Amino acid sequence: MDARTLKIKAAAVALTYVEDGMRLGIGTGSTAEEFVRLLADKVASGLNVIGVPTSERTAALCQELGVKLTTLEETPELDLTIDGADEIGPELALIKGGGGALLREKIVAAASARMVVIADESKNVEMLGRFPLPIEVNRFGLAATTLAIKAAASRLDLAGSLTLRMTGAEAFVTDGGHLILDASFGRIPDTRALSNALHAIPGVVEHGLFLGLARVAILAGADGIRTRTQP
């Protein structure tokens, strides 16, 4: 099966977690978009839900397909968030942010009673870090923030390049107006320590380590669907 077919299969299973009347967090990325398309079909058939999108891109797709939207200001508590991931590690720790929406994704996930992650089996790893860790940073003081991140990583025996994400010749800008540094640290043995170290740097807005948020991961592979759960 090709990658899109696997994403659709995972999204279809995630849809079974959605109940009538739910307040949903709706993720960003290619896998989440397959979920939105399936959700829209259910909405057209009478399912009553309202969603908070995690990016302008997701919002546009929901509006195009007729999925009713709200905001966290109007609906600050959500029942369920369904989103993709770039990596899924032990205890359902995640790396997210490959699409650049990690700040809004984390805010929405934290506002939800439950988070379900959908991905193909290739995203399941024994230890996070093969995928570069996105770190959302303020434009002001970028050079100083970069040095501080390198120093914090070094204290944790992590090394690797920090690359400013680009779109063509211009720096990639998030929906919040920030920049993203992609950190190629390799394997990250202590994700909590790295999370704490990054959060202590003033110029870091947020990072792509999602720890203690996901409760279910739906993984689609050539042999079918596998579900991982975390209490």
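Trainee: Where is Ser55 found, in terms of strand 2 and helix 3?

Mentor: Ser55 is in the loop that lies between strand 2 (50–53) and helix 3 (56–65); helices (H or I, at least four residues) and strands (E, at least two) are DSSP runs, numbered from the N terminus. Keep in mind that this is a predicted model, where local features need pLDDT of at least 70, side-chain atom pairs count only at pLDDT 80 or more, and totals for chains, interfaces and linings use all residues. Residues are numbered from 1 along each chain as its sequence is written, and side-chain values use heavy atoms, with hydrogens and water left out.

Trainee: Is Ser55 buried or exposed?

Mentor: Buried means under 20% relative accessible area, exposed over 50%, and partly exposed in between (1.4 Å probe, protein chains only). Ser55 counts as buried because its relative accessibility is 5%.

Trainee: Which residues is Ser55 in contact with, leaving aside neighbours within four places in sequence?

Mentor: Contact means heavy atoms within 4.5 Å. With those neighbours set aside, Ser55 touches Thr28, Ala101 and Asp175.

Trainee: Which charged ends sit over the ring of Phe210?

Mentor: A charge sits over a ring if NZ of Lys or CZ of Arg is within 6 Å of the ring centre and within 35 degrees of the ring normal. For the ring of Phe210, the charged end of Lys96 is 5.6 Å from the centre, and that of Lys106 is 4.9 Å from the centre.

Trainee: How far apart are Ser55 and Ala143 in space?

Mentor: Ser55 and Ala143 are 27 Å apart, C-alpha to C-alpha, and 88 residues apart in sequence.
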